[in-house]
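The sequence and the structure are shown first.

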Amino acid sequence: GSSSTNKKQPHGNDFEMASDDDEREDVLESVRSHPDGLFKLGPDSKYQADRELILEAVKHHGRALRYAHRFQADVEVVTEAVLQDGDALGHAAHELRSDKNIVLRAVAQHGLAIGHASKDLQKDREVVMAAVTQCGQVLRFVDKTFQSDAEVVRAAVTQDPSAVKYASETLRDEGARNLETGKVATAALTSFTPRGDEVPELGRDGVATAGVTSSEHTEKVFSTTASTSFAPAGNQFPAHDASSKPGATASSPQVPQRCVIC
């Protein structure tokens, strides 16, 4: 009997602290597991001011930054968000969309996030190179200067051969001329399968003239037909709002998103 009477009884504050700890753990589990966990908390929740909890949320679901209104100008929080999902850049404070380090991380994860960058950074060659390297289709939306930049176009086409149709007409014509001057004679020869001792006949420029067409040569080089009938390139980036809605799923951490035009 004496042992039970001497046992220290918890005070009311102890119960409250234990309850708060349990509640916070539940909230942490929710924001880690669900991309709309912060949305469900509501803007007035005390946990919206919990920086550690917000960091956990965006590390697991970058676009949760949309609901972390108090931390959209926080460099560390925004950086973690775009590393997980580059498109989270669209929910960052305006000044951070002009932060080159943040923008480079965003486009390396999701090339089309360049559409959320400041106008100046959309014309920054290093940013454009990083974006087209991750998603060749970005070439369609960048400034026309880059559509005439052979290195940028090469990076885009390497990632997505169909992006060649967004290259400038000058570059596409140059590619066609290269075909005719024999610079891709090897590609032409590998397309020609001689029978027995038959040797492919070469034109004066060194290009096989039998068994292979010019368009087939083009596909060898570009992996696509460099047709001139394509939608004009502009600088309007596609919107990416659908997956930001509550209930949408986010990509796995640190895994670049697929290059998809909405």
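Predicted model: local features only at pLDDT ≥ 70, side-chain atom pairs only at ≥ 80, totals over all residues.

Residues are numbered from 1 along each chain as its sequence is written, and side-chain values use heavy atoms, with hydrogens and water left out.

**Overall fold**

The protein chain contains 13 helices and zero strands; helices (H or I, at least four residues) and strands (E, at least two) are DSSP runs, numbered from the N terminus. Along the sequence the pattern is α-α-α-α-α-α-α-α-α-α-α-α-α. Of the 262 residues in the protein chain, 43% are buried, where buried means under 20% relative accessible area, exposed over 50%, and partly exposed in between (1.4 Å probe, protein chains only). The accessible surface of the chain comes to about 14,500 Å², and carbon and sulfur atoms account for 49% of that surface. These areas come from the Shrake-Rupley method with a 1.4 Å probe; for residues, only the protein chains shown count as cover. Among contacts (heavy atoms within 4.5 Å) between residues at least 6 apart in sequence, 50% join residues at least 24 apart.

**Salt bridges**

The whole structure holds twelve salt bridges, each defined as a side-chain nitrogen of Lys or Arg within 4 Å of a carboxyl oxygen of Asp or Glu. Three of these pairs are set out here.

| Pair | N to O distance |
|---|---|
| Arg32 and Glu56 | 3.0 Å |
| Asp74 and Arg51 | 2.9 Å |
| Glu151 and Arg125 | 2.9 Å |

In the pair of Arg32 and Glu56, Arg32 belongs to helix α2 and Glu56 to helix α4 (residues 51–60), so the bridge ties together parts that are 24 residues apart in sequence. Arg32 is partly exposed at 31% relative accessibility, whereas Glu56 is buried at 18%.

Asp74 is buried, with a relative accessible area of 18%; Arg51 is partly exposed, with 32%.

The salt bridge of Glu151 with Arg125 joins helix α10 (residues 150–159), which holds Glu151, to helix α8 (residues 125–134), which holds Arg125; the two residues are 26 apart. Both are partly exposed: Glu151 has a relative accessible area of 41%, and Arg125 has 34%.

**A negative surface patch**

Asp20, Asp21, Asp22, Glu25, Asp26 and Glu29 form a surface patch of negative charge. Patches of this kind consist of residues with over 30% relative accessible area and no salt bridge, like charges being joined within 9 Å. One of its members, Asp22, lies in helix α2 (residues 12–33) and is exposed, at a relative accessible area of 52%.

**A buried loop residue**

Gln48 is located in the loop between α3 (37–41) and α4. Its relative accessibility is 3%, so Gln48 counts as buried. Leaving aside residues up to four places away in sequence, Gln48 touches Leu38, Leu41, Gly42, Pro43, Ile54, Tyr67, Ala68, Arg70 and Phe71.

Key:
Patch = residues over 30% accessible without salt bridge, like charges linked within 9 Å, V, L, I, M, F, W, Y side chains within 5 Å. Lys, Arg positive; Asp, Glu negative; His and termini not counted. Charge placed at Lys NZ, Arg CZ, Asp CG, Glu CD.
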